[in-house]
Protein chains: 2
Amino acid sequence: MARPSVKAERTEEILDAFERCVARLGVEGTTLERIAEESGLRRSLLRYHIGNRAEMVQALADRYIKSSRTEACKMLASMPESETSSPLLDYLFIDIDEDQRRKILVAEALVSGADLYPEIKQRMNEWYSNFVMILCRIINVDYPDADATAQREVAWGLISLVFNVQMMAALGGGDSVLKDSRRAAERLLLSLNGHRSKPEPEAKLEASEELLA
Amino acid sequence: MARPSVKAERTEEILDAFERCVARLGVEGTTLERIAEESGLRRSLLRYHIGNRAEMVQALADRYIKSSRTEACKMLASMPESETSSPLLDYLFIDIDEDQRRKILVAEALVSGADLYPEIKQRMNEWYSNFVMILCRIINVDYPDADATAQREVAWGLISLVFNVQMMAALGGGDSVLKDSRRAAERLLLSLNGHRSKPEPEAKLEASEELLA
DNA sequence: AAATAAATTTTCAAATTTGAAAAAATTGCA
DNA sequence: TGCAATTTTTTCAAATTTGAAAATTTATTT
């Protein structure tokens, strides 16, 4: 080996730039030239380090799934052992910085563009299932007696609210929409009441370890 | 006038084709050439009847807003004078044919692409406000004692669920997602309980007439 | 310093997309 | 038929996007 490889770093830089573009312009609206400009690298380097357009999209989706999975696991692990509803809502609606907002927009863009890239369709499906599962586990802490179907309905509702509030935020509606979203999410969680009982901490720990393995 | 003008019909045909493309490929993913192919017309006719790319997008958004507004009013008018929750949920989740599904996907594409077209941003904002308002009026029939904030939260939740179920449907999840969505929507409506009382039919009629004016 | 492997720049061709306008064809009517 | 307004087809140029590979530079090892 003559010269130290920077392929790993460059790949990250390129995909970071790609994500920023996709969040604003969507998958189809993002040209290789634009990614190059955004990353401060030449277009030929995108090709050298990652590949052609299809391979770029593939790489973006791959990295997205992976990082999203570990991020979701971290979130699950950070939950308290009881009374998870409030921290969950904070995590989904309040503690959203620019990066996490972008991640959400990228997910939407990938789902929307999945028609064009069959491989991505499969992966986004797994990603979505995984997200629902994680949310169900957290919901289960406060509402262990709610049946799985009810938990899934609520989890799905939370995801829908998170997605849409970020999408609509592009219209510049201010944070009144954010407040409404969080309150609507709260309504969904509270709809599981009547099944409420004391949480079982050990269940949460098991789940966390299993997922991180 | 020597030859009867077909501009109105052609314009509709072109925008129909445009919508079909946008639902699948998004605004940025749709080329003029593709619209031409989809409509069975030559690209130069798009230009002749409507204009360049920016004007095409503008025309699409304009038509969308208008037709969506009248459609929402028809929906409002079709509601019974009491017990509106069930028909509302049917309308939003069950009675969705291919056309209406496309309309929803187009709305999402327009919102997502609003960053590129400042004029559209404004219009999609109005469109969204109008939709929320209509939903609030329907919700108000069954839950007149719920305060306006609560109604808006629920309306926003319903919209989020409708949007996301159609977006995720592209991943081919089957109709289990549809069922979950409808049930989650039901949970939101039921969360307004405690304020429930007998509906006031005349309120609904007033609203309808005012909107159609 | 020379060799070597990796990274970067440069360059070229092909395909696609869009804008624009001229030329031709169609239709109704005097 | 011939005029007139409208629609449609044809054609061309410019700009953008992508693919691909050659040439150059850079950094490490021997």
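In this predicted model, the largest pocket has a volume of about 990 Å³. Its lining is made up of 41 residues, and those nearest the centre are Ala109(A), Ser112(A), Glu108(B), Ala109(B) and Ser112(B). Two or more lining residues are contributed by each of α1 (7–25) and α6 (98–112) of chain A, and also by α1 and α6 of chain B. Among the contributors, α6(B) provides the largest share, eight residues. Sorted by class, the lining of the largest pocket holds 17 nonpolar, eight polar and 16 charged residues.

Two of these elements, in chain B, also pack against each other. Helix α1 (residues 7–25) and helix α6 (residues 98–112) of chain B meet at an angle of about 70 degrees, and their axes lie 8 Å apart. Because of this angle, α1(B) is roughly perpendicular to α6(B). The crossing of the two helices is left-handed. On the side of α1(B), the contact involves Glu19(B), Arg20(B), Val22(B) and Ala23(B), which meet Arg102(B), Lys103(B), Leu105(B), Val106(B) and Ala109(B) of α6(B). The residues of this contact comprise five nonpolar and four charged, with no polar ones.

A further pocket can be described in chain A. The second largest pocket has a volume of about 420 Å³. It is lined by 20 residues, of which Tyr64(A), Ser68(A), Glu71(A), Tyr91(A) and Lys103(A) are the closest to its centre. The elements of chain A that give two or more residues to this lining are α4 (53–78), α5 (85–94), α6, α7 (118–142) and α8 (148–169). The most comes from α4(A), with eight residues. By class, the lining of the second largest pocket contains 12 nonpolar, four polar and four charged residues.

Key:
Residues are numbered from 1 along each chain as its sequence is written. Chains are lettered from A and ligands numbered from 1 in the order in which they are written. This is a predicted model: local features need pLDDT of at least 70, side-chain atom pairs count only at pLDDT 80 or more; totals for chains, interfaces and linings use all residues. Side-chain values use heavy atoms; hydrogens and water are left out. Axes are lines fitted to C-alpha atoms, for helices over the stretch in contact, and angles run from 0 to 180 degrees between N-to-C directions. Helices (H or I, at least four residues) and strands (E, at least two) are DSSP runs, numbered from the N terminus. Angles under 35 degrees count as roughly parallel, over 145 as roughly antiparallel, 65 to 115 as roughly perpendicular and the rest as oblique. A crossing is left-handed if the near helix is turned anticlockwise from the far one by less than a right angle, and right-handed if clockwise. Contact means heavy atoms within 4.5 Å. Ala, Val, Leu, Ile, Met, Phe, Trp, Tyr, Cys and Pro count as nonpolar, Asp, Glu, Lys and Arg as charged, and the others, Gly among them, as polar. On a 1 Å grid over the protein atoms alone, a cavity is a set of points where a 1.4 Å probe fits but cannot get out, and a pocket is an open set with protein on both sides within 12 Å along at least five of seven lines; lining residues have an atom within 4 Å of a point. Grid points are joined across faces, edges and corners, and a volume is the space filled by probe spheres set on the points.
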